[in-house]
Amino acid sequence: KVGTYTLTPTTTVAGATTLPASGSFVVTPGLAGRLAFTVQPSAVVAGVAIGPAVQVTVQDAAGNTVTSATTSVTLAITGGTGTGGAVLGGTLTRPAAAGVATFANLTVDQAGMTYTLTATAPATSLTGATSAAFNVAPVLAVTVQPSASVVAGAAILPSVVVTIRDALGNTVTSATTSVTLAITNLTGTSGAQLGGTLTQAAVAGVATFPGLTVDKVGTGYTLTATATSPASTTSVAFAVTPGAASKLAFTALPSTVKAGAALSPAVQVTVQDAQGNTVTGATDGITLAITGSTGTPGAVLGVTLTRPAVNGVATFSDLTIDRVGSGYTLTATSGILVSAISGALAVTTPMTVGDVSPTNGAMAGATPVTITGTNFVNVTGVTIGGVAITGLNVVSPTQIDGVSPASASFGAKDVVVTSST
């Protein structure tokens, strides 16, 4: 190998080296004897420059670069590889610089598998070289685009068509390449699914995709078509809109409520298409009822049981259930739409405040107070006259202790106990 060396003797007498190390010396390249691909061609799309640039090096018999060589090197497609009749484009003869010939603009005009290149140095005795195999992918083009707006779950019309072309833009009528479509990453709505047959074999160079669907509403969708790597192309952008109203779904529901108190958060029922998208144009009237044989027999659901959808969502802000019980569910109905049954909810005994002792306190506050009542469970706060007491201590489900706050005025004050359920 070329380089700068010194030689060190290893023979010793009584543990000591008896000969000195040599002076440094340089090994230089031998005579140019062969060519070698030192940057191989990589997979490429027909008509696109091969990158990184292919490099062929002039070497001596030991494989060292002959840096003084300026030999002209010529490349060609190796006979019997790739696609018959394919043309290698670009500058096919380059002089070596410091022993290396670089080919920066090579192209192959026809798709094919296992091409190799042959490097020669005409009018020299240098041994030629053959590159590693590489593939040339077809040029893909979406020649029938998805329409600007499609309906969720409905077939995209007209059918998307992908055409296989050569480097000059001509359809490769002999191509039977399989082409695959997918929703382009990070476009449209996250989690959306492209339905239908997603891989089609080209017929006379044309792959047609009938019956494609997208299930989620969104904007900015595009489709990416791929074939033999690295061939790909992307469609124009399109939007997916909701389908026809098909069913109802509960989209907001509390799990536990107090008997007689408004259900919170408010119950919401959404009008959806068959794919589960909100039909934002829906204004259907939606009616709620306690599902038969759930909860406590004889329980009554109040107050406003029918509400119109607004932007596809009906909100029931004043619903109440009057009897304690568990396992209640609600049923939502609206004309011919598929009804919905909610998840289960429990109705618990409401808190009651029975007595506050003492009944009087100083305006400055700081009076110890005891509040008695029922069902003091999951208490989150107590206010007197709208101001929170301090030292809140839930002694039991029937007793709360604390210290009264200061008040800005004389007179009776409301005592309010709040809970998280």
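In which loop is the place of Ala 204? The residue is found in the loop between β22 and β23 (206–209), where strands, like helices, are DSSP runs numbered from the N terminus (strands E, at least two residues; helices H or I, at least four). The structure is a predicted model, in which local features need pLDDT of at least 70 and side-chain atom pairs count only at pLDDT 80 or more, while totals for chains, interfaces and linings use all residues. Residues are numbered from 1 along each chain as its sequence is written, and side-chain values use heavy atoms, with hydrogens and water left out.

Backbone geometry is considered next. Most residues other than glycine have a negative phi, and most peptide bonds are trans. Ala 204, although not a glycine, has a positive phi of about 55 degrees. With a relative accessible area of 41%, Ala 204 is partly exposed; this class lies between buried, under 20% relative accessible area, and exposed, over 50% (1.4 Å probe, protein chains only). A positive phi, near 60 degrees, is also found for Asn 375, which is placed in the loop between β42 (368–374) and β43 (379–384). The peptide bond joining Leu 157 and Pro 158 is cis, with omega about -5 degrees, and Pro 158 lies in the loop between β18 (149–151) and β19 (160–165). A cis bond also runs from Ser 264 to Pro 265, with omega near 5 degrees; the loop between β30 and β31 (267–272) holds Pro 265.

Strand β22 belongs to an open sheet of 4 strands in the order β22-β20-β26-β27, with antiparallel pairing (two strands pair if DSSP finds at least two bridges between them). At the edges stand β22 (199–201) and β27 (232–234), each with a single partner strand, so one side of each has no neighbour in the sheet. Neighbouring strands are turned against each other by 20 degrees on average, direction ignored; axes are lines fitted to C-alpha atoms, for helices over the stretch in contact, and angles run from 0 to 180 degrees between N-to-C directions. The antiparallel pairing of β22 with strand β20 (residues 178–183) extends over 3 bridges, and Val 179 has Gln 200 in β22 as its bridge partner.

An open sheet of 3 strands has the order β30-β40-β37 and mixed pairing. Its edge strands, β30 (256–258) and β37, each pair on one side only, and the twist averages 25 degrees from one strand to the next. Between β37 and strand β40 (residues 345–348) the pairing is antiparallel, over 2 bridges; the bridge partner of Gly 325 in β40 is Val 347.

Thr 329 occupies the loop between β37 (325–328) and β38 (330–334). This residue is buried, its relative accessible area being 12%. Its side chain joins that of Thr 291 through a polar contact of 2.8 Å, a term for a pair of N or O atoms within 3.5 Å; within protein, one must be able to donate a hydrogen and the other to accept it, and residues adjacent in sequence count only if both atoms are side-chain atoms. Residues up to four places away in sequence aside, Thr 329 touches several others, including Ala 289, Ile 290, Thr 294, Ile 341 and Gly 343 (contact means heavy atoms within 4.5 Å).

The whole structure contains 2 aromatic pairs, the criterion being that rings of Phe, Tyr and Trp (its six-membered ring) have centres within 6.5 Å; planes under 30 degrees apart count as stacked, over 60 as edge-to-face and the rest as tilted. The rings of Tyr 115 and Phe 134 are stacked, with centres 5.9 Å apart and planes at 25 degrees. This pair links strand β13 (residues 112–115), which holds Tyr 115, to strand β16 (residues 134–137), which holds Phe 134, across 19 residues. Tyr 115 and Phe 134 are both buried. Tyr 221 and Phe 238 also form a stacked pair, at 5.7 Å centre to centre and 20 degrees between the planes. Tyr 221 lies in strand β25 (residues 218–221) and Phe 238 in strand β28 (residues 238–241), so the pair ties together parts 17 residues apart in sequence. Tyr 221 is buried at 0% relative accessibility, and Phe 238 is buried at 2%.

The structure holds 1 salt bridge, defined by a side-chain nitrogen of Lys or Arg within 4 Å of a carboxyl oxygen of Asp or Glu. Asp 318 and Arg 307 form this bridge, with their closest N and O atoms 3.4 Å apart. Asp 318 is partly exposed at 22% relative accessibility, and Arg 307 is likewise partly exposed, with a relative accessible area of 22%.
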